[in-house]
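I'd like to walk you through one structure, so please have a look at it while I talk.

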Amino acid sequence: MFIAVEKFVNTNVANKKYTVGHQEYRTVLTTYCATLRNPKPKASHMKIERKINFRNELKDDVKISLQESTDDQKNKHFESTQNENVEDEENNNPVVALESSQDSMDATMELIRGSRIIVNAFKVDNIRNMHKRNPRKMIRKLMKLILGEETLKHSSPTGKNSWTPIPENVFIAVEKFVNTNVANKKYTVGHQEYRTVLTTYCATLRNPKPKASHMKIERKINFRNELKDDVKISLQESTDDQKNKHFESTQNENVEDEENNMELIRGSRIIVNAFKVDNIRNMHKRNPRKMIRKLMKLILGEETLKHSSPTGKNSWTPIPENVFIAVEKFVNANVAKKKYTVSHQEYRTVLTTYCATLRNPKPKASHMKIERKINFRNELKDDVKISLQESTDDQKNKHFESTQNENVEDEENDVEDKEENKLLEEEKDKRRKQHVSQEARRRKETKIQEPVALQEEPQRKSRETTKRSHDENGKVAGKLTAGSSTFKPKNQDTSYY
């Protein structure tokens, strides 16, 4: 096998340059057998294994951090008392030394030499690199890392208003650290600015500002609640309005009359609403007819005008004289131009037609269309009902009529059949008679033609014999002359030719 495969490969390659030496052949086989024994994992499997290992490591870290946090909570009181005793011995001022338990990194550092503020070096470097050009944010992040939000809520830089003061070593160390680690000198912070930043930060922690998204949600919720309350109030008001409608309307009318009332014309004693009269005057300056109708409707009302007329004829109640005169004067005095003034006769006709139209109102075009549609539909329904009734009557009387018609048709068909049979027989008789007469005529013609034919037969035979003899003689003469055209036989009569 070993030798045969080597020979086969070297004889079947495309060119000589692709041939394999014996040593190369052996190395290929050894590497192939080794890879089969220890196969390499695929790239996709490698990625999956990395993800699984990473997740397992994260789980282990979380478990360790949880255990450390529980241990820290258990031994917190003991450590705090020990730290306080050590700080009192070393320095009269309070010292804050906190280690981050949440981070797995153990590297710690002193914020500034001699400050004795021990913090996580990784977090401090991150804050310094992230906020080189934002010293205010660096101050807030460092204070949060060193003291924590809960202590800052109940503290202030100076300790005014019964708040606990920030420890002096922390206050000084953070200021120095920020001013030494900013990107440029222009980002350094003054002492007064530093104090204001800390005061505002502590105040915002005590009274945090809501986020924009939360503000939007709260606004929507408040808006919906207000809408619900408004709807409830409006429903209650509508029910109350419906119950007390008459009483409120009378009270409102009295109040309006007392507040915004005017006399239409001096001495007329016709008191009307000033706002409504001004509106009518401004709207219909160039349409005096409409102004007359609107004023009469405002003063007297439609119900009284239905049963009244300008003169009181035909048992109608006359319009009050003071109203009649006052409206005419008001209209002619308040039109836009003199050409819009109304004469007395025209004024009377306008009022008479207005009272008549109120008694017998003209329907609107839209109402007319609706009425036409309704009438058309009703007519259609009636036509359908009539057609259905007719169809039912037709179905009921159908059998009777059909039987009668069948009987009549049968009688008529019988009569027609008889007549047709008679006509056919008459035609047959005529045809028979014609046939008989034709046959008789043929027989007579044949009897006359037979003796004539017998007499003509010998003459016809003699003619045929003469023709034959002449033909034979012509053929013999042609042979003798050998083609001469002037040859004529002796004793031959040429008259025939």
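This is a predicted model: local features need pLDDT of at least 70, side-chain atom pairs count only at pLDDT 80 or more; totals for chains, interfaces and linings use all residues.

Let's start with helix 5, which covers residues 121–130. Which of its residues are buried? They are Ala121, Val124 and Ile127. If you look down the axis of helix 5, the buried residues fall within an arc of 130 degrees, so they line one face of the helix. Turn to the other side of helix 5 and you find Asn129 and Met130, which are exposed.

What do the buried residues of helix 5 pack against? There are two strands, strand 1 (108–110) and strand 2 (118–120), along with helix 6 (135–146) and helix 8 (168–181). The N-terminal end of helix 5 also has a cap, provided by Asn120. A side-chain oxygen of Asn120 sits 3.2 Å from the backbone nitrogen of Phe122.

The largest nonpolar core has 28 residues, and the members touching the most other members are Leu111, Met143 and Val174. Helix 5 turns up again here: helix 5, helix 6, helix 8 and helix 9 each supply at least two residues of this core.

Let me zoom in on Met143. If we leave aside neighbours within four places in sequence, what is Met143 in contact with? The contacts are Gly148, Leu152, Ile166, Val170, Phe171, Val174, Tyr194 and Leu198. So far I've stayed with one core, but apart from it lies another, of 25 residues, with Met296, Phe324, Val327 and Val331 among them.

Take Arg136 and Glu193, whose closest N and O atoms are 2.9 Å apart. This pair links distant parts of the chain: Arg136 belongs to helix 6 and Glu193 to helix 9 (residues 191–206), 57 residues apart. Is Arg136 buried or partly exposed? With a relative accessible area of 38%, Arg136 is partly exposed. Glu193 is partly exposed too, with 30%.

Next come Lys153 and Glu150, with their closest N and O atoms 3.8 Å apart. Both lie in helix 7 (residues 149–153), three residues apart, about one turn of the helix. Lys153 counts as partly exposed at 27% relative accessibility, while Glu150 is exposed, with a relative accessible area of 55%.

Further along, Arg432 forms a salt bridge with Asp429, and here the closest N and O atoms are 3.9 Å apart. Arg432 and Asp429 are three residues apart in helix 17 (residues 365–481), so about one helical turn separates them. Arg432 is exposed, with a relative accessible area of 55%, whereas Asp429 is partly exposed, at 37%.

Last topic: the cysteines. How many disulfides does the structure hold? The answer is zero. For two of the cysteines I can tell you the accessibility. Cys33 counts as partly exposed, at 36% relative accessibility, and Cys202 is buried, with a relative accessible area of 1%.

Technical notes. Residues are numbered from 1 along each chain as its sequence is written. Side-chain values use heavy atoms; hydrogens and water are left out. Buried means under 20% relative accessible area, exposed over 50%, partly exposed in between (1.4 Å probe, protein chains only). Helices (H or I, at least four residues) and strands (E, at least two) are DSSP runs, numbered from the N terminus. The arc is that of the directions from the helix axis to the C-beta atoms. Contact means heavy atoms within 4.5 Å. A polar contact is a pair of N or O atoms within 3.5 Å; within protein, one must be able to donate a hydrogen and the other to accept it, and residues adjacent in sequence count only if both atoms are side-chain atoms. A salt bridge is a side-chain nitrogen of Lys or Arg within 4 Å of a carboxyl oxygen of Asp or Glu. A disulfide is a pair of cysteine sulfur atoms within 2.5 Å. A nonpolar core is a set of buried Ala, Val, Leu, Ile, Met, Phe, Trp, Tyr and Cys residues joined through side-chain atoms within 4.5 Å.
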